Amino acid sequence: MMKQDAARSSSGSRGLLRRLAMMAAALVLPQPALAQLAGRHGADDLAITHDGTALAVIVVAPDAGPWEKRAGSDLQKYIGLMTGAMPQIVATLPAGAHDGAIVLGKAAVAADRRVAARLTATAKPHPLVQGDAIVALRAGNRLYLAGSNDESSYFAASWLLQQWGCRWYLPTAFGEVVPQHRDLSVGTLSFAYAPPFEIRHYWTAWNGSEDGAEEFRHRNFMSLARLPGNGQALDAYTTDIAPPGGTAFNVPFSAEATARHIVTKIAPSYRKGTSVSLAIADGRYQNDDPGDRALVTEYDRYMLRPSLTDAMMTLYNRVAATLRHDAPDSKALIGGLAYVNVTLPPRIVTKAEPNLAMWIAPIDIDPNHAIDDPRSPPRQAYGAMVDRWAKVMDGRLAIYDYDQGMLVWRDLPDPSQDVFARDVRHYAKLGILGIGTESRGAYATTFLNLFFRGQLMWDPNADVGAMLKDFYPAFYGPAAPAMADYWGAIFAAWRDTGVTEHEAMAAPAIYTPALVARLAPALDAAEAAFATARGTSAKGTTGRDADVIAQRLRFTRLSFEVIRNYVAMIDASATRGDYAAAVRAGEQALAARQQLATLSPIFTTHVVGVEAEKPDGGPAWFPGEVEQLRGLAALTDGRKGQLIAKLPLAWSFALRDPVPPGWRYTGEVGGAGPCRGGIAPEPAPRMVRSDLYLQGQGVLRPGGANDLGFYCEATQIDLAPADVARSLHLMLPGLFNEAWLYVDGKLVAHRGYSEPWWNGDYRRDWDVDLSGLVAAGGHTITIGGFNPVHFAGLFRRPFLYRPVAG
């Protein structure tokens, strides 16, 4: 059966390759379009350019703001790139009534009172931070483009350029699509729009590149408007009142003295109208203050701590009320952060002070599913949290969105557009104030995510499918059909996954050898299609030299080499236990990633130069993972150890005791563990793999929750006399959770672990000395584990080895 399936798979791949190659052979790089129209066609369309000649000027007022001036220069630049005709930028309207003009911002408002009236009618009437609105109004030989503020005037210009086909899919010229048109014109046009969100932005965290980011954001309607509270700052005001032997994480929230202390420090800034962040520091808060304890109504099972949200909101409300009373004319805001164990919504505090705004940051709650997805109980719970927070904050709640990519440390694509498109519509219905995204950039990981975020934050009803249909030919030219198949397979793998965990440990549950086998022929066909077309024409759909598309295919090829070799590394190490092969594949993946970083710094986090990741950064980082595999190879190839046997891939499995309602995590469980005496049979026998964590195999509690509680995994070994004559070790090279090891039902070792999963060192291995504990013959090896949240179980195949002295 396995051979037949493999044959069908191979045949299917060859068929796909032939089909795509035939499509590619028929394609050529298209010639420039004759004309492009913005608006509805009419008998008196306003010609902007014709046959390489500019027929209109761009009017920018002398006192225009910086983004309005950029709007004028960008219109001039991109009209020139599209048509070869560079319109002149002038400060006043042309004298002749028949002279065409694109009139921007302040000049448009001054020239036609309808512009200001439309903006007023369209914009949010009383914005808390910044209400953006745009107007595009054609009146005779004038096209008026204006916004409700300086940035919005730029958005109006970007909107027009997008009507003519310009796109900015990624930062820098690499992601820019500028179509060629002989003529540009504007038909009947009367458009006004205001986005539902006042806050729309992303920031590049950690080691990501900001090259081209500022322009990319604005061209995709993201603004500089900010809301206090997304910068962690509370500890700056409370460290000096930490209890003896404690830190800022132990300062009581609800104590009146804490509020007074903070008010004293921030009152001068608040009186001046400067908003202040009181966002909690990055960590879990806990204290023994009676006032805080009295306000605990829930236990946060994601953070394994009592929820201190009501205590935190008591602090925020006290500070905000005091400042509002002392400085009633100040327009400043106090910003707070619902994060870690203050993420759950308050239950006692039901109303926030009007000068208090909040961010909610669901850092460890399933990023892979929408909040209305029935496959993900954690994400549905998050949706309920947002609903409750929105009611408490009454229009002053923003979403701290994470799109750093769960696989950012491995530079594998982590598409999120389908999830975000569903969530953003819900946010708009709730009246959420805005969205700020934390990203690493690293476009080999995030790819189109930030483009879609910009477009969807601007218009939550934008059609992702239609945008993708537009993307493939615009970005890849004649390689579009094959690239649609390539990226479509990746997007589908993420869309269909049941994985609710994040970070690189979840990668093998999504990036499988079968997915790689589907991607390879599609990429081959794309490159063949482009090579065929390039031999026919020297120009591409971008209006640039075909080298632009060649560079994009090079990016995709290198991205695929990271994927292919990373998957090969996992298969060799976790599944086959061939660590030498795993290291070779890992080195090839790192080499491809290095080439990506050299091609452009925006493609990865900083892996070149002084900020490069190093193996001594630990297994959390990609080079460190390969270094860990080198160490495991040394235990099996005679350098530090000699391989005795690989344990089976298939293990029997049983859930023992679930985490009960009302349970509280108090640290390591210890004791005899859950599997002493062996695995009790379940109603139906179950087998699991030892090369993939349990939830990644679909092992969940009834109802779909991923906190498994106590579990057991067991397998058989058969030892020869020579195996036990000298020292013998069992290496469990990948294992989550606190664990117990049993031989024939007898406890022989215990590994302590402090949950949640991210408290670990990312090695997650366990080396157990079995010398003198086992005799020749057959034995049952059982692993017991305790999983209160997220990852559980084995994820690399265990093996027996004999240490080599010296």
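Residues are numbered from 1 along each chain as its sequence is written. In this predicted model, local features need pLDDT of at least 70 and side-chain atom pairs count only at pLDDT 80 or more, while totals for chains, interfaces and linings use all residues. Helices (H or I, at least four residues) and strands (E, at least two) are DSSP runs, numbered from the N terminus.

**Exercise 1.** Determine how the axes of helices H19 and H20 cross, and which residues make the contact.

*Solution.* 
1. Axes are lines fitted to C-alpha atoms, for helices over the stretch in contact, and angles run from 0 to 180 degrees between N-to-C directions.
2. The axes of H19 (residues 579-599) and H20 (residues 622-634) come within 9 Å, with a crossing angle of roughly 160 degrees.
3. H19 is therefore roughly antiparallel to H20, a term for angles over 145 degrees, whereas under 35 counts as roughly parallel, 65 to 115 as roughly perpendicular and the rest as oblique.
4. Contact means heavy atoms within 4.5 Å. Among the residues in contact are Ala582, Val583 and Leu590 of H19 and Phe622, Val626 and Leu629 of H20.
5. The contact residues comprise 12 nonpolar, one polar and three charged. Here Ala, Val, Leu, Ile, Met, Phe, Trp, Tyr, Cys and Pro count as nonpolar, Asp, Glu, Lys and Arg as charged, and the others, Gly among them, as polar.

**Exercise 2.** Describe the burial and the partners of strand E6.

*Solution.* 
1. In E6 (residues 100-104), five of five residues are buried; buried means under 20% relative accessible area, exposed over 50%, and partly exposed in between (1.4 Å probe, protein chains only).
2. Gly100, Ile102 and Leu104 point one way, and Ala101 and Val103 the other way.
3. E4 (residues 56-59) runs parallel to E6, joined by four bridges, and Val57 stands opposite Ala101.
4. E8 (residues 142-147) also pairs with E6 in the parallel sense, over four bridges; Tyr144 in E8 is the bridge partner of Val103.

Conventions: Side-chain values use heavy atoms; hydrogens and water are left out. Two strands pair if DSSP finds at least two bridges between them.
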